[in-house]
Amino acid sequence: MSRSAHPAGPRHADVMTEGHYTAPPADLNVLDEKVWARTVVRDEHGTVTVGGLEVTRLAEEFGTPAYFLDESDFRARCRAWADAFGRDADVFYAGKAFLSRAVVRWLKEEGLNLDVCSGGELTCALDAGMPAERIAFHGNNKTVEEIERAVTVGVGRIVLDSFQEIARVAHVAQRLGKRQRVQIRVTVGVEAHTHEFIATAHEDQKFGIALADGQAAEAVRRALTLDGLDLIGIHSHIGSQIFDMAGFEVSARRVVQLLAEVRDEHGVELPEIDLGGGLGIAYTSADDPREPHEIAKALGDIVTRECEAAGLATPRISVEPGRAIVGPTAFTLYEVGTIKTLEGLRTYVSVDGGMSDNIRTALYDAEYSVALVSRTSDAEPMLARVVGKHCESGDIVVKDAFLPSDLAPGDLIAVPATGAYCRSMASNYNHALRPPVVAVRDGEARVIVRRETEEDLLRLDVG
């Protein structure tokens, strides 16, 4: 089997999209390894397979739309992150990207820790057997009930996000007779997204306590003096879908400066620094993400260099990849419903899902790839926009992509790199039923999150 089964067909001339010229790929049948899960290939008949199973068979058994997750790929990425950072650092999988009990078990087995940001995520983690000491609890407005449960079960760390939360967690811990390990999330004035970062004037956000005006320093003072808290370090998160390490360098420098101030004022060297997540993945062929070992070396070098300059011992580093682990491991499978051609513009390809199973295009203007997966085609490429079935003009799955011009209703197409945030942010808009998540591995497929039913919808409607 290979990622390509047939030679290239004829090509269109370059097409104007969104103000610039876009050329169709040389062969629409080739699957770019950067954006697809590792076991995804075309078989000798031209049908795409994952984990050795044909998508046509998967569609018959599980229906569409559906998310198919390559379990072997997920586990391999967990191991790659754990190996890259080694025993002297901590890798916390960011559960908000996608969380289920099966995923928690995989994380536990592969040696990763888990970051949660709600009571529901904490419940899922504990129910699936993740040891509480390997859990970090995030969030900008944790309820008293959530804090009480986190402290009671003994989560490994709570990330404090405000002055009120410092007092709230301390109060709960004191009342329960506990001493809770905590980090303070600081806003370092750096915002990084994809290839760009800006190093000033980004304290205006809901997360964290600003370094500006000494607020973070005051937060440290309070956390060090309140009974019930064990301040173990500083946390910083600067953005999402980041490929350039320059933003991390500025962030690390500013966090280390705070650590030096803490040492000078309190005689304490905090032992940990968490640089957050946000590492990018390839959604299209234009994206060029870094490998875990490259990221680990870059972050380690940055922190070590800054600490040596400040005369500090190098703290233990934590990172929080979520998208970078689960994002590339899954694709969403759709059936084509209707096709509408607008001469001189593009062809609208409607599928049986849409913004209810992938809100990211509408919400973030996100870009995705798409491919015909139930067969190959040598037909001429056509510029297409893949749209959903919802009553909303912004219901777009893939804004602009090339698909074969002989695409027809009933064909199966797939959108790769949908493992992160798609199922997590799925909705019941138009009373849509949220799709299942099916794990595929070594020729076997099993549902890990079942498809919703109409009975599920009505069960919550008390009339």
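These questions and answers walk through a predicted model, from the whole chain down to single residues. Local features need pLDDT of at least 70, side-chain atom pairs count only at pLDDT 80 or more, and totals for chains, interfaces and linings use all residues. Residues are numbered from 1 along each chain as its sequence is written, and side-chain values use heavy atoms, with hydrogens and water left out.

Student: How many helices and strands are in the protein chain?
Tutor: Helices (H or I, at least four residues) and strands (E, at least two) are DSSP runs, numbered from the N terminus. By that count the protein chain has twelve helices and 26 strands.

Student: What is the radius of gyration of the protein chain?
Tutor: The radius is taken over C-alpha atoms, and the globule rule is 2.2 Å times the number of residues to the power 0.38. For 463 residues the rule gives 23 Å. The chain comes close to that, so it is as compact as a globular protein of that length, at 24 Å.

Student: What share of the 463 residues is buried?
Tutor: Buried means under 20% relative accessible area, exposed over 50%, partly exposed in between (1.4 Å probe, protein chains only). Under that cut-off, the buried share of the protein chain is 55%.

Student: Which residues of helix 1 are buried?
Tutor: Helix 1 spans residues 55–62. Its buried residues are Val-55, Leu-58, Ala-59 and Phe-62.

Student: How many residues of strand 22 are buried?
Tutor: Strand 22 covers residues 381–387. One side holds Pro-381, Leu-383, Arg-385 and Val-387, the other Met-382, Ala-384 and Val-386, and all are buried. Strand 22 is therefore largely enclosed by the rest of the structure, with the count at seven of the seven.

Student: How many bridges join strand 22 to strand 23?
Tutor: Strand 20 (residues 346–351) pairs with strand 22 in the parallel sense over four bridges. Strand 23 (residues 396–404) runs antiparallel to strand 22. Here Pro-381 stands opposite Pro-404. The number of bridges between strand 22 and strand 23 is six.

Student: Which side chain makes a polar contact with the side chain of Thr-418?
Tutor: Thr-418 lies in the loop between strand 24 (412–416) and strand 25 (437–441). At 2% relative accessibility, Thr-418 counts as buried. A polar contact is a pair of N or O atoms within 3.5 Å; within protein, one must be able to donate a hydrogen and the other to accept it, and residues adjacent in sequence count only if both atoms are side-chain atoms. At 2.8 Å, the partner is Thr-332.

Student: Which backbone oxygen does the side chain of Tyr-429 reach?
Tutor: Tyr-429 is also placed in the loop between strand 24 and strand 25. At 32% relative accessibility, Tyr-429 counts as partly exposed. The distance to the backbone oxygen is 3.1 Å, and the residue reached is Cys-391.

How values were computed:
Two strands pair if DSSP finds at least two bridges between them.
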